[in-house]
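I opened a new structure today and kept short notes. Here is what I looked up.

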Amino acid sequence: MKLYNTLSRKLEEFTPIDPNEVRMYTCGPTVYDFAHIGNLRTYIFEDLVRRSLTYLGYTVKHGMNITDVGHLVGDGDEGEDKMDKGAKREGKHPLEIARMYEEQFFKDEAALNILHAHEVRRATDTIAEQIEIIKLLEAKGFTYSDEFAIYFDTSKLPDYGKLSGQNLEDKKTGAREEVVVDILKRNPQDFVLWFFTRGKYEHHILRWPSPWGEGFPGWHIECSAISRTLLGQPFDIHCGGVDHIGTHHSNEIAQSEAAFGGPLANYWMHGEFLLINAGRMGKSEGNAYILKTIIDRGYRPLDYRYLLLQGHYRSQVNFTWEAMDASHTALTRLYNAVLELQKTAKPDTDSVDNVEEYHEKFRAALSDDVNIPKALAVVWEILGSKLSAQSKLNLLSNFDSVLGLDLEHPPIVETTIPEEIKKLAHERDEARAHKDFAKSDELRARIESAGFEVLDSKSGTVIKTR
Ligand code: AMP
Ligand code: ZN
């Protein structure tokens, strides 16, 4: 199997450290709010990596953290702790917020058929392990401190930044936008290991004693501690979104390698971003959609998973409601095709078919840097082939262990109309009664873009599923 390794910037043959078990770590959510659909793209990418490895015969051990302290609004060391921000927004304690959104994240995972990590650990449950690493770094001379924080001194590590390919000189001259010059730091790319609850963090709610004084950990140290605790060091594959390359993952590597004198992970895989209408998604743009936005518009969560299966993880994917419509239609066709096959299939008829050709194509796609779009094309090829219904069903259920689309138990396509859509139909009737045809047309377009048909009848708007 070939995987693209960000560290070498090359496709590499994958060789696990222990042939009997692949150890894989993914950076988990910061649980201060709902995960947006961009975040969810990254977790689906990681799920596809894990499922592909399993399909190809590896046993995978998957570890993940939950960030419930220390991730500041800027991924560097600027701004408020995101947990405090969430707590203030909702008038609750940061840990109450953390548990609420952690639970919500697990629900999103289940709805999208993202396999839950075998081991999940919270940052707040591993403070002692984080302190141990900081102590080691201090003993080895990689830290310095002032009254506000303990910092990692990146100038002590000649290959700092090797993951992003940017050397220290580039960063010193400010080539990287995200490096914020902080007068307290010796080098702009140095980062905080431990914040003291003084100065701007005087009122930080979550705090722990440490050998250096009361405070809370910086964001990056939790992943060094948790990955080591769950998987050992080095482990095989470390995943995350592309935005983690320059700061978060570069800093994880720096800490773990400096403390323990060896690599943290052998393969670094990064998923590209989800764009919305070809632009950035974010709260300020008003398009930070969450899974509920998709469900409220009448789509199935797996319509979104299907949308993502059509793009390679190293390419940006552009989210539009038209693309969601197309995914809904394609997945419904797929479900209907499986339901038809189930009606006509006769067990024991597959022995005459040569199915190995399709297995081989599917395996080849996964082995080619987890090429899911290519693997998905094999599904449609099978449906159009001359294979018996039973052979087709066997292949589809086998492939679904990677695709995760519930193809073995396709839903009978939803015939009930969601409340939200019924409300829009009612508003449309009112607009028509007031002869406001512009508004009525706009409401028709909204109902249709959610995948429903609009018919006019004597008694008003009638909605049908497509
Ligand atoms: P966070 O909860 O902020 O720690 O982020 C969770 C994950 O979402 C990280 O792996 C990010 O790299 C990833 N991420 C953030 N924005 C996007 C986006 N627009 N598209 C894809 N992944 C993203
Ligand atoms: Zn991490």
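The model is predicted.

Entry one, the metal site. I noted the donor spacing for the zinc ion (ligand 2) along the chain: C-x195-C-x24-H-x3-E. I then looked up the atoms. Cys27 (SG), Cys223 (SG), His248 (NE2) and Glu252 (OE) coordinate the zinc ion (ligand 2), at 2.1 to 2.5 Å. I checked the angles among the four donor atoms and found 78 to 129°. Tetrahedral needs all angles between 85 and 135 degrees, and the site of the zinc ion (ligand 2) is listed as irregular.

Cysteine 223 is in helix 6 (residues 220-231) and glutamate 252 is in helix 7, so the pair ties together parts 29 residues apart in sequence. Are they buried or exposed? Cysteine 223 is buried, at 0% relative accessible area. Glutamate 252 is buried too, with 0% relative accessibility.

I traced an open sheet of four antiparallel strands, in the order 6-7-8-9. Strand 6 (143-145) and strand 9 (215-217) are at the edges with a single partner strand each, so one side of each has no neighbour in the sheet. From one strand to the next, I read an average twist of 25°.

I looked inside the sheet next. Strand 7 (residues 149-152) and strand 8 (residues 191-196) run antiparallel, joined by four bridges. Alanine 149 has phenylalanine 195 in strand 8 as its bridge partner.

Last, I returned to helix 7 (residues 245-260). Helix 7 packs on the sheet and touches strand 7 and strand 8. I noted its direction at about 80° to that of strand 8.

Notes. Residues are numbered from 1 along each chain as its sequence is written. Chains are lettered from A and ligands numbered from 1 in the order in which they are written. This is a predicted model: local features need pLDDT of at least 70, side-chain atom pairs count only at pLDDT 80 or more; totals for chains, interfaces and linings use all residues. Side-chain values use heavy atoms; hydrogens and water are left out. Two strands pair if DSSP finds at least two bridges between them. Helices (H or I, at least four residues) and strands (E, at least two) are DSSP runs, numbered from the N terminus. Axes are lines fitted to C-alpha atoms, for helices over the stretch in contact, and angles run from 0 to 180 degrees between N-to-C directions. Contact means heavy atoms within 4.5 Å. Donors are N, O and S atoms within 2.8 Å of the metal (3.2 Å for Na, K and Ca); water is not among the atoms, so sites may look incomplete. Four donors count as tetrahedral if all angles lie between 85 and 135 degrees; four count as square planar and six as octahedral if opposite donors are over 155 degrees apart and all others between 65 and 115; anything else is irregular. Buried means under 20% relative accessible area, exposed over 50%, partly exposed in between (1.4 Å probe, protein chains only).
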